[in-house]
Amino acid sequence: MAKLMVITLIGLVLAVVRDYRSSYQKRFNAFREVTPVELPNCSLIKGIEEGSEDLEILPNGLAFISTGLKYPGIKSFEPDKPGKILLMDLNEEDPGVIELKIIEGRLDVASFNPHGISTFTDEDNAVYLLVVNHPDMKSTVELFKFQEEEKSLLHLKTIKHKLLPRYVYVAELLAHKIHVYEKHANWTLTLLKSLDFNTLVDNLSVDPETGDVWVGCHPNGIKIFFYDEKNPPASEVIRIQNILTEEPKVTVVYAENGTMLQGSTVASVYKGKLLVGSVFHKALYCEL
């Protein structure tokens with residue numbers, strides 16, 4: 001009887017492990033193969049070698065790019081260097097990037113580890129950056145004022161970001177979903193819809209001209225956490241048109257197996273130009 005109980009217990013444990021492994025592999029799209037979708041006019045952006053995890057494009061074509069993210073379990077090509085915020089002018093014929101000097105305030109630049117970024121322009125057209133920062137693997141949000149003439153960021157303070165638009169889009173990475181909420185005057189949210197995808201959806205960017213949502217995705221997310229330079233993580237960009245309607249149109253705009261760009265995280269457009277960022281690799285510039 002005792003032997004039977006042991007065998008039964010072992011069977012239950014193996015079943016739990018099998019189910020957990022199956023769920024884990026499904027959540028990370030462990031076995032998905034990428035069908036290439038090419039764009040004809042793409043090139044890697046010079047000067048970005050340590051990732052471009054998030055980016056934001058202003059209406060005037062200036063783009064801010066976060067680079068140098070260090071995070072547990074994620075590959076880093078420069079683990080001992082602090083992160084940076086880069087600037088790119090998409091109005092230039094052959095745009096490049098420059099590093100924005102950080103005027104420190106109370107910020108410890110040596111431990112600066114930027115992740116997600118957002119921008120806000122006030123009534124006087126002053127531009128502010130909100131940057132998710134992970135100093136010493138903690139999490140803060142840093143507020144900067146962009147000083148265009150000096151090509152610098154003035155650090156103002158550490159805050160919690162409470163700015164919300166009318167509609168709020170939330171990417172649920174491991175569930176492969178994007179949720180759409182409506183914000184009400186009393187700051188409550190109502191879920192309008194949820195969209196399912198066959199990819200891990202990361203950062204979202206809304207085109208202010210069309211309302212289209214552009215998404216940087218991980219077709220096979222497990223390769224991000226178990227990096228193999230001979231089998232690198234793939235990249236994928238999707239575009240969602242008419243997301244608030246009954247039948248949103250979803251298009252895979254770009255997809256490839258990591259030979260050019262590894263581990264895409266974000267995509268954003270400006271006047272027919274597309275920027276695609278990555279967790280720890282390079283960044284892509286395309287003319288659509």
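In this predicted model, Asp 196 counts as exposed, with a relative accessibility of 55%, and the side chain of Asp 196 meets that of Lys 177 in a salt bridge with an N to O distance of 2.4 Å. Because Lys 177 lies in strand β12 and Asp 196 in strand β13, the pair ties together parts that are 19 residues apart in sequence. Lys 177 itself is partly exposed, its relative accessible area being 24%. Side chains of opposite charge can pair when their charged atoms come close.

The two strands that carry this pair belong to a run of antiparallel pairings. Strand β12 (residues 177-183) is joined by six bridges to strand β11 (residues 167-172), and the two run antiparallel; here Lys 177 of β12 is the bridge partner of Glu 172. Together β11 and β12 form a hairpin with four residues between them, and in the turn His 176 has a positive phi of about 60 degrees. On the β13 side, β12 pairs in the antiparallel sense with strand β13 (residues 189-196) over seven bridges, with Ile 178 finding its bridge partner in Leu 195 of β13. This second hairpin, formed by β12 and β13, has five residues between its strands, and Trp 187 in the turn has a positive phi of about 75 degrees.

Strand β13 is also the place of Lys 193, whose C-alpha atom is separated by 8.5 Å from that of Ile 178, a residue 15 places away along the chain. When neighbours within four places in sequence are left aside, Lys 193 is in contact with Ile 178, His 179 and Val 180, and also with Ile 243, Leu 244, Thr 245, Glu 246 and Pro 248. Two of these contacts involve the side chain of Lys 193 and backbone oxygens: that of Ile 243 is reached at 2.8 Å, and that of Thr 245 at 2.3 Å.

A search of the whole structure finds four salt bridges, including the pair of Lys 177 and Asp 196 described above. Another is formed by Arg 32 and Glu 236, whose closest N and O atoms are 3.0 Å apart. Since Arg 32 lies in the loop between α1 (2-27) and β1 (42-44), whereas Glu 236 lies in strand β16 (residues 235-241), this pair ties together parts that are 204 residues apart in sequence. Glu 236 is buried, with a relative accessible area of 4%. Strand β16 also contributes Arg 239, which is linked to Asp 212 in the loop between β14 (200-206) and β15 (213-218), the two residues being 27 residues apart; in this salt bridge the closest N and O atoms are 2.8 Å apart. Arg 239 counts as partly exposed at 26% relative accessibility, while Asp 212 counts as buried at 5%.

Elsewhere, four strands form an open sheet in the order β1-β20-β19-β18, with antiparallel pairing. Its edge strands are β1 and β18 (264-270), each of which pairs on one side only, and neighbouring strands of the sheet are turned against each other by 20 degrees on average, direction ignored. Strand β18 is joined by six bridges to strand β19 (residues 273-278), the two running antiparallel, and within this pairing Ala 267 stands opposite Val 276 in β19. Strands of a sheet pair through backbone hydrogen bonds, either parallel or antiparallel.

Note on methods. Residues numbered from 1 in each chain as written. Predicted model: local features only at pLDDT ≥ 70, side-chain atom pairs only at ≥ 80, totals over all residues. Heavy atoms only, no water. Pairing = 2+ DSSP bridges. Buried < 20%, exposed > 50% of the residue type's maximum accessible area, 1.4 Å probe, protein only. Axes fitted to C-alpha atoms, helices over the stretch in contact; angles between N-to-C directions. Contact = heavy atoms within 4.5 Å. Polar contact = N/O pair within 3.5 Å; in protein donor to acceptor, adjacent residues only side chain to side chain.
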